[in-house]
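Biologist: Please put the chain on the screen. I will ask about its parts one by one.

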Amino acid sequence: MHAFDVLGDPVRRRILELLADGEQPAGAISETVRAEFGISQPAVSQHLKVLREAGFATVRADGTRRLYAVDAAPLQEVDAWLERFRGFWTQRLDALATELARGRRMRQQEEDP
């Protein structure tokens with residue numbers, strides 16, 4: 001499965017967001033996702049399986065618990081693919097930063113007599 005097919009699903013993106021905060025037990029992930037998306041525990045398990053099989057997540061046993069974590073390698077591939085498009089928004093963000101700085105200078109000049 002292609003990385004963007006994996007990331008195209010909002011449930012899988014949310015799971016990755018949860019895992020970005022650190023390793024999480026499957027039960028906690030399931031609880032959060034079920035509450036937010038109204039899907040069953042088996043459906044959450046299927047999403048976790050897709051993330052594992054696509055290499056976006058790792059799992060390790062801790063007694064009876066299964067702890068999931070992000071695997072950054074596929075995300076680095078996505079980042080590399082996006083690199084050629086960064087120029088489209090980087091220039092605009094730089095221009096915005098310039099305008100914000102100009103506005104701050106103008107306000108400061110108005111405040112200073």
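Biologist: In which helix is S30 found?

Modeller: This is a predicted model, so keep that in mind for every value below. The helices are numbered from the N terminus, and residues 26-37 make up one of them. S30 is found in helix α3.

Biologist: Is S30 buried or exposed?

Modeller: Buried means under 20% relative accessible area. S30 has a relative accessible area of 7%, so S30 is buried.

Biologist: Which residues does S30 touch, not counting residues up to four places away in sequence?

Modeller: A contact needs heavy atoms within 4.5 Å. With residues up to four places away in sequence set aside, S30 touches Q41 and V44.

Biologist: Which residues is T32 in contact with, leaving aside its neighbours within four places in sequence?

Modeller: Contact again means heavy atoms within 4.5 Å. Once the neighbours within four places are left aside, the contacts of T32 are R14 and L18.

Biologist: How far apart in space are T32 and L16, C-alpha to C-alpha?

Modeller: In sequence, T32 and L16 are 16 residues apart. In space, their C-alpha to C-alpha distance is 12 Å.

Biologist: What should helix α4 span, and what does the model show?

Modeller: Helix α4 has 13 residues, 41-53. The expected span is 1.5 Å times one less than the number of residues, so α4 should span 18 Å. The end C-alpha atoms of α4 agree with this, as they are apart by 18 Å.

Biologist: Which residues of α4 are buried, and how wide an arc do they cover around the axis?

Modeller: The buried residues in α4 are V44, H47, L48, V50 and L51. They lie on the same side of α4, because they cover an arc of only 155°.

Biologist: What do the buried residues of α4 pack against, and which exposed residues are on the face turned away?

Modeller: The buried residues of α4 pack against the helices α1, α2 and α3, and also against β2 and β3. The face turned away from the buried side carries the exposed residues P42 and E53.

Biologist: What is the order of the strands in the sheet?

Modeller: Strand β1 is joined to β3 by two bridges, and β2 is joined to β3 by six bridges. Both pairs run antiparallel. β1 and β2 each have a single partner strand, so they stand at the edges. The sheet is open and its order is β1-β3-β2.

Biologist: Which residues in β3 are the bridge partners of Q24 and P25?

Modeller: Strand β1 covers residues 24-25 and strand β3 covers residues 65-70. Q24 is partnered by Y68, and P25 is partnered by L67.

Biologist: Which residue in the turn between β2 and β3 has a positive phi?

Modeller: β2 and β3 form a hairpin, with two residues between them. In the turn, a positive phi of about 70° belongs to G63.

Biologist: How many aromatic pairs does a search of the whole structure find?

Modeller: Rings pair if their centres lie within 6.5 Å. The search of the whole structure gives three.

Biologist: What kind of aromatic pair do F4 and W81 form?

Modeller: Their centres are 5.0 Å apart, with 65° between the planes. F4 lies in helix α1 and W81 in helix α5, so the pair ties together parts that are 77 residues apart in sequence. Planes over 60 degrees apart count as edge-to-face, and the pair of F4 and W81 is edge-to-face.

Biologist: Why is the pair of W81 and F85 tilted?

Modeller: The ring centres of W81 and F85 are 4.9 Å apart. The planes of W81 and F85 are at 45°, so the pair is tilted.

Biologist: Which elements have the lowest and the highest mean pLDDT?

Modeller: For the chain, the mean pLDDT is 92, and 99% of the residues reach 70 or more. Among the elements, the lowest mean is 85, in helix α6, and the highest is 97, in α3.

Definitions and conventions. Residues are numbered from 1 along each chain as its sequence is written. This is a predicted model: local features need pLDDT of at least 70, side-chain atom pairs count only at pLDDT 80 or more; totals for chains, interfaces and linings use all residues. Side-chain values use heavy atoms; hydrogens and water are left out. Two strands pair if DSSP finds at least two bridges between them. Helices (H or I, at least four residues) and strands (E, at least two) are DSSP runs, numbered from the N terminus. Buried means under 20% relative accessible area, exposed over 50%, partly exposed in between (1.4 Å probe, protein chains only). The arc is that of the directions from the helix axis to the C-beta atoms. Rings of Phe, Tyr and Trp (its six-membered ring) pair if their centres lie within 6.5 Å; planes under 30 degrees apart count as stacked, over 60 as edge-to-face and the rest as tilted. pLDDT is the predictor's confidence in each residue, from 0 to 100.
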